[in-house]
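Student: I have a structure open and want to learn to read it. Can we go through some features together?

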Amino acid sequence: MRMSGAALPVGAAGCVGLGVTSLWWVLPAVGLSFLAGLRTERVRPAAVVFAVLVAGGVLVVGAVPSWILLGLRFVVLAVCTGMGPWLLGRFWRQSQELVRAGWERAERLEREQQLVAEQARLRERARIAQDMHDALGHDLSLIALRAGVLKLAPDLARPHREAVQEIRAGAAAAVDRLGEVIGVLRAGEEGDAARGPADSDIPHLVAEAAAAGLDVRSEITGGPDGLPRAAEHAAYRVVQEALTNAAKHAPGAAVVVEVAYTAEGARLRVANGGAPGVPSAAGGGRGLVGLAERVRLAGGSFAYGPGTDGGFEVVAELPRRPAGPVPAGPAALPSPVRELRRARRKVGRTLAAVVLVPLATAVLLTVALRVWTLYVVSLSVLDPEVYATLQVGQDQASVERVLPGHRLPYRPPGGPSTPAPPSGEGVSCVHYAITAQLFVDRAGDAYRLCFQDSRLVSRDVLAS
């Protein structure tokens, strides 16, 4: 049966808790903790469950002081069978994601190389088409022109005149067929840009986006008169791509389209707001890279990135009289590379956490347990002078009047020379600390007082 992501941390915590009473629960605790780290995408559920587990253990030890010795076992189990395997699962998950991202990156690069090769072929076809148009078209036009002149010669015989007419008609037909071939070879290149939409369609584009449900408003000042055709088309594509990204990646954000026409050219800015819970409209980046190239070829500049209000914006500037394409700047770092680097850093941090977090948690819990133990011991210290006054056979009530208000909540282990407690019915023994100081000779030693029938029947020193 496959457990859900929320159930795995709870099941692991339950097994860790039960492991305090029986070590048979260690294996399921390790397995469930590892699966919780491997299959649970978010960190918060496991962190909350672990915090509740630790808080519960602290409360139990505080409420039942006799379980202090079990506290150390709880710390070891919580760290070694809970936190450690969970972090290993997280590390394994992120390592697999990094490997998968690497393969996806390799496949994407292969596809991009194929696209680059195809674009190179298309550019070569366009160059050949231009050469054919310039050379063959010119030559065929000259043939048709000369044939027309020859046809008008007065001394040309009728059969020859008809032949010249056929030559002239054939040359004209050849020019037409050449034009058709050129159009096919240049499809998708200059012709597409020439037939692109004009900048005057931007208001209609914004209206269509608003009608589709996008929260968009526009501010258009000036007019596009005198703007080159390439700049008009680039402006239209900037707005179109930005609105598409906003609708796709930040559907709940307000979008502002600003277009300002000046004597120098046009400036466009499209930005989506950074409302809480609304993602950035950055998109995959390929369309934006294509826009940057289109704007550059029109002689302008293009930029995109996070906005000042936490959203995302694109900005383009297009001149009215470009001096030529702006030199291409250094290529931006492809987003897959950034993703891989972030993934590597994330895996590295998780690997460090696998070692450091359990170690720090174990130290913290051990120190806290030790401090609590010292506090409990300090309440149960029996003064050696008082102990010396106690006599075997003394009445239990008189003995208890001089004893501390608290006793040790656990049975000290003692050493190899520790005498065994008296046997018999009704024998009960209590233990008191000799000192609460850590760095003295008698630290860890204890007194044992045993009673039977309301009488003190033995008093011993348990030396560790």
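**Strands, patches and salt bridges**

Tutor: Start with one residue pair. In β8, the bridge partner of C450 is S458. Before we go on, note that this is a predicted model, where local features need pLDDT of at least 70, side-chain atom pairs count only at pLDDT 80 or more, and totals for chains, interfaces and linings use all residues. Residues are numbered from 1 along each chain as its sequence is written, and side-chain values use heavy atoms, leaving out hydrogens and water.

Student: What counts as a strand, and when do two strands pair?

Tutor: Strands (E, at least two residues) and helices (H or I, at least four) are DSSP runs, numbered from the N terminus. Two strands pair if DSSP finds at least two bridges between them. Here, β7 and strand β8 (residues 455–462) pair in the antiparallel sense over seven bridges. Strand β6 (residues 428–433) also pairs with β7 in the antiparallel sense, over six bridges. On that side, C429 has C450 of β7 as its bridge partner.

Student: Is strand β7 largely enclosed or open?

Tutor: First the cut-offs: buried means under 20% relative accessible area, exposed over 50%, partly exposed in between (1.4 Å probe, protein chains only). Six of the seven residues of β7 (residues 446–452) are buried, so the strand is largely enclosed by the rest of the structure.

Student: What happens in the hairpin of β7 and β8?

Tutor: Two residues sit between the strands, and D453 takes a positive phi near 55°.

Student: How do I read a salt bridge?

Tutor: Side chains of opposite charge can pair when their charged atoms come close. The cut-off is a side-chain nitrogen of Lys or Arg within 4 Å of a carboxyl oxygen of Asp or Glu. This structure holds six salt bridges. One of them joins the side chains of R217 and E219, at 2.5 Å, N to O.

Student: Which residues are linked in a network of salt bridges?

Tutor: E258, R269 and E313. R269 meets E258 at 3.4 Å, N to O. That pair links distant parts of the chain: R269 is in strand β3 (residues 265–272) and E258 in strand β2 (residues 255–261), 11 residues apart. R269 also meets E313 at 2.9 Å, N to O. E313 lies in strand β5 (residues 312–319) and R269 in strand β3, so this pair ties together parts that are 44 residues apart in sequence.

Student: Is R269 buried, partly exposed or exposed?

Tutor: R269 is partly exposed, with a relative accessible area of 22%. E258 is partly exposed too, at 26%.
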